[in-house]
Amino acid sequence: MSRTERLIAETDKYLAHNYHPLPVVFTKASGVWYEDVEGNKYLDMLAGYSAANHGHCHPRIVDVAYEQFRRLVVAPRAVYSDRLTEFGKVITEFCGMDKILPANGGAEAVETAIKLSRKWGYLNKKINNDHAEIVVCNENFHGRTTTIVGFSTEKQYRNGFGPFTPGFKLIEFGNPDALGRIITKNTVAFLVEPIQGKGGINIPERGYFKEVQKICRKNNVLLVLDEIQTGFGRTGMDFAYQWECIRPDVLIIGKSLGGGLAVSGVLANDEIMSVMTPGDHGSTFGGNPLACALAMEGVSILIDERLSERSALRGGYFLSRLRDIKSPLIKEVRGRGLMIGLELTVQARPVCEALLRERILCKETRENVIRFTPPLVISIEDIDWAMERIEKVFRKLEGR
Ligand SMILES: *Cc1c(COP(=O)(O)O)cnc(C)c1O
């Protein structure tokens, strides 16, 4: 039995089986490269679902982590910490919002945004108690808590986990008229991803969000953007909403915010955030000094290394190379920046397994889409290296 086989068998023994991982065991990583326990190197084309935009174990992140770990790690919100203050200033400036409410994981931040929107609605729209409605989209992905999976359109996320939280209404993604039609006097917010990631890298037509913003403003409904995956340079801008020259009322961030660790947050302007009063909401680890230090360093790296710009340029190159592959197995290639989806006419999982054998890590989403979201530090040479192998895999699968 190889080391890999033994570790996989032991993982199966001790860990809950709520995932179906690819058969590889990583032990370290640097930049865009992973190394497995047998010493093989893999090009990361997943970046931890966009949690590693800065590349793995970025030396500046590592240094800040060491230093902060030695200095102060636990400082609950019962007190103040210097890092928390600095974090608040840096992140709100970067995001162009007045205030942040820090949390840990993405789903937790989405839950926070739901609570914030509801309370804002009750105070500002005079909605009867327990009648607030939030509009969400088909194929959405906002996390895995009971409330959030309650409004998922993916059967497996829901089956066996009910009963669910009421107060959510589903509409088609990318259709502004559908939003206009579903809003009632009880609607407090429209919660949506700028580009649906897990839903299959679904990019709405240009102008969609301009229209959405207009409808939200006209009806006094909050536009709540989940940029957990699309934020921090992923789509070639700091935030995906910048492509449409709009501004969300509430912005949810996570994943790469922490430079590799779980850090998330909800941002809004004073008028909205002021509905949160002491005791309304909280989190033991939210805003801890280590998380704050890492997030600040992450933002600084993003700016210093011009990662958003790199994402736009390298993403454009990668997209055009993928579009050059002429294969009957490829239905569509779509993407923005380094958030790219390859829609196949066949199941995507076996293709990802074949790519893994060629030392490329990527993962399918839905049945037939391969998601390519490499760290933003990927080079043209890395992309060329990957393209050789991707082309080879398609030639092989077609039996050429
Ligand atoms: C990953 C993701 C989440 C959930 O984040 P977790 O940290 O896994 O809870 C929510 N929304 C979007 C758009 C995501 O990509």
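A salt bridge here is a side-chain nitrogen of Lys or Arg within 4 Å of a carboxyl oxygen of Asp or Glu.

Some ground rules. This is a predicted model; local features need pLDDT of at least 70, side-chain atom pairs count only at pLDDT 80 or more, and totals for chains, interfaces and linings use all residues. Residues are numbered from 1 along each chain as its sequence is written, and side-chain values use heavy atoms, with hydrogens and water left out.

Now, Asp226. Where does Asp226 sit? Asp226 is in strand 8, residues 222-226. Strands are DSSP runs of E, at least two residues; helices are runs of H or I, at least four; both are numbered from the N terminus. Asp226 is buried, yet has no salt bridge. Buried means under 20% relative accessible area, exposed means over 50%, and partly exposed is in between, with a 1.4 Å probe and protein chains only. Lys and Arg count as positive, Asp and Glu as negative; His and the chain ends are not counted. On that count, the nearest side chain of opposite charge is Lys255, 7.1 Å away.

What lies 3.0 Å from a polar atom of the Asp226 side chain? The backbone nitrogen of Ile228. Asp226 also touches other residues, among them Phe141, His142 and Glu193. Contact means heavy atoms within 4.5 Å.

Follow Phe141. Phe141 is buried, at 18% relative accessible area. The charged end of Lys198 sits over the Phe141 ring, 4.8 Å from its centre. That label needs NZ of Lys or CZ of Arg within 6 Å of the ring centre and within 35 degrees of the ring normal.

On to aromatic pairs. Rings of Phe, Tyr and Trp (its six-membered ring) pair if their centres lie within 6.5 Å; planes under 30 degrees apart are stacked, over 60 edge-to-face, the rest tilted. How many pairs does this rule give? Twelve. Trp33 and Trp385 form one, edge-to-face, 5.0 Å centre to centre, with 80° between the planes. That pair links distant parts of the chain: Trp33 is in strand 2, Trp385 in helix 14, 352 residues apart. Trp33 is partly exposed, at 24% relative accessibility. Trp385 is partly exposed too, at 24%.

Phe141 and Tyr157 also pair edge-to-face, at 6.1 Å and 75°. Phe141 lies in the loop between strand 5 and helix 6, and Tyr157 in helix 7, so the pair ties together parts 16 residues apart in sequence. Tyr157 is buried, at 13%.

Two last items. Arg389 lies over the face of Trp385, 3.8 Å from the ring centre. Ring pairs link Phe94, Phe232, Phe239 and Tyr241 into a cluster.

How values were computed: Polar contact = N/O pair within 3.5 Å; in protein donor to acceptor, adjacent residues only side chain to side chain. Lists of a residue's contacts leave out its neighbours within four places in sequence.
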